[in-house]
Amino acid sequence: MKQIKAIINPYKLDDVREALINIGISGLTVTEVKGYGRQKGQTEIYRGAEYEIHFVPKIMLEIVVSDDVLDETLNLIMNSSKSGKIGDGKIFVTPIEKVLRIRTGESDEEAL
């Protein structure tokens with residue numbers, strides 16, 4: 001099993017969520033986050049005044065998937081969140097040792 005953490009633009013959340021549902025992934029955690037990468041923030045204009053935003057608002061998705069659907073899930077997240085512009089985001093993959101469903105006591109693949 002693997003955990004996928006994807007940092008994406010907020011306006012792409014619905015596209016990614018719908019695509020994940022279409023391939024049968026039903027568990028998803030969404031967190032509103034702020035940060036920056038290579039772009040080091042962005043410049044905005046409000047009422048004619050220019051100001052810098054150092055931390056850009058993003059969405060972080062956390063998904064745990066079995067190894068056999070990992071590549072498909074990664075491709076789906078990339079394709080449905082890509083705009084081709086700087087700041088599209090990043091995806092991180094880490095191994096998961098154990099999963100437990102609290103209500104039923106199921107573990108690992110059955111708990112997903």
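A helix axis here is a line fitted to C-alpha atoms over the stretch in contact, and the angle between two axes, from 0 to 180 degrees, is taken between their N-to-C directions. Keep that in mind for the first view, and remember that everything shown comes from a predicted model.

**View 1. Helix α1 meets helix α2.** Start with the two helices: α1 covers residues 13-22 and α2 covers residues 70-81. Their axes come within 9 Å and cross at roughly 150°. Angles over 145 degrees count as roughly antiparallel, so α1 is roughly antiparallel to α2. As for handedness, the crossing of α1 and α2 is right-handed.

**View 2. The residues between α1 and α2.** Zoom in on the place where these helices touch. From α1, the contact takes in D15, V16, A19 and L20. On the α2 side, look for T73, L76, I77, S80 and S81. Sorted by type, the residues of this contact come out as five nonpolar, three polar and one charged.

**View 3. The largest nonpolar core.** This core has 16 residues. Within the core, I4, L20, L61, I63 and I77 touch the most other members. At least two core residues come from each of β1 (2-8), α1, β5 (56-65) and α2. As a rule, nonpolar side chains in soluble globular proteins tend to be buried together.

**View 4. I77 and its neighbours.** Now pick out I77, one of the core residues that touch the most other members. Leaving aside residues up to four places away in sequence, I77 touches I4, A6, V16, L20, I63 and I91.

**View 5. T73, tucked into helix α2.** T73 sits in helix α2. Is T73 buried or exposed? T73 counts as buried, because its relative accessibility is 0%. Beyond residues up to four places away in sequence, T73 touches I4, L20, I23, I25 and V65.

**View 6. D14 and S81.** D14 belongs to helix α1. With 45% relative accessibility, D14 counts as partly exposed. Find S81 too: D14 and S81 are 67 residues apart along the chain, yet their C-alpha atoms are separated by 9.5 Å.

**View 7. D108 and its positive phi.** Last stop is D108, in the segment after β6 (89-95). Its phi is near 55°, which is a positive value in a residue other than glycine. D108 has a relative accessible area of 25%, so D108 is partly exposed.

Conventions. Residues are numbered from 1 along each chain as its sequence is written. This is a predicted model: local features need pLDDT of at least 70, side-chain atom pairs count only at pLDDT 80 or more; totals for chains, interfaces and linings use all residues. Side-chain values use heavy atoms; hydrogens and water are left out. Helices (H or I, at least four residues) and strands (E, at least two) are DSSP runs, numbered from the N terminus. Angles under 35 degrees count as roughly parallel, over 145 as roughly antiparallel, 65 to 115 as roughly perpendicular and the rest as oblique. A crossing is left-handed if the near helix is turned anticlockwise from the far one by less than a right angle, and right-handed if clockwise. Contact means heavy atoms within 4.5 Å. Ala, Val, Leu, Ile, Met, Phe, Trp, Tyr, Cys and Pro count as nonpolar, Asp, Glu, Lys and Arg as charged, and the others, Gly among them, as polar. A nonpolar core is a set of buried Ala, Val, Leu, Ile, Met, Phe, Trp, Tyr and Cys residues joined through side-chain atoms within 4.5 Å. Buried means under 20% relative accessible area, exposed over 50%, partly exposed in between (1.4 Å probe, protein chains only).
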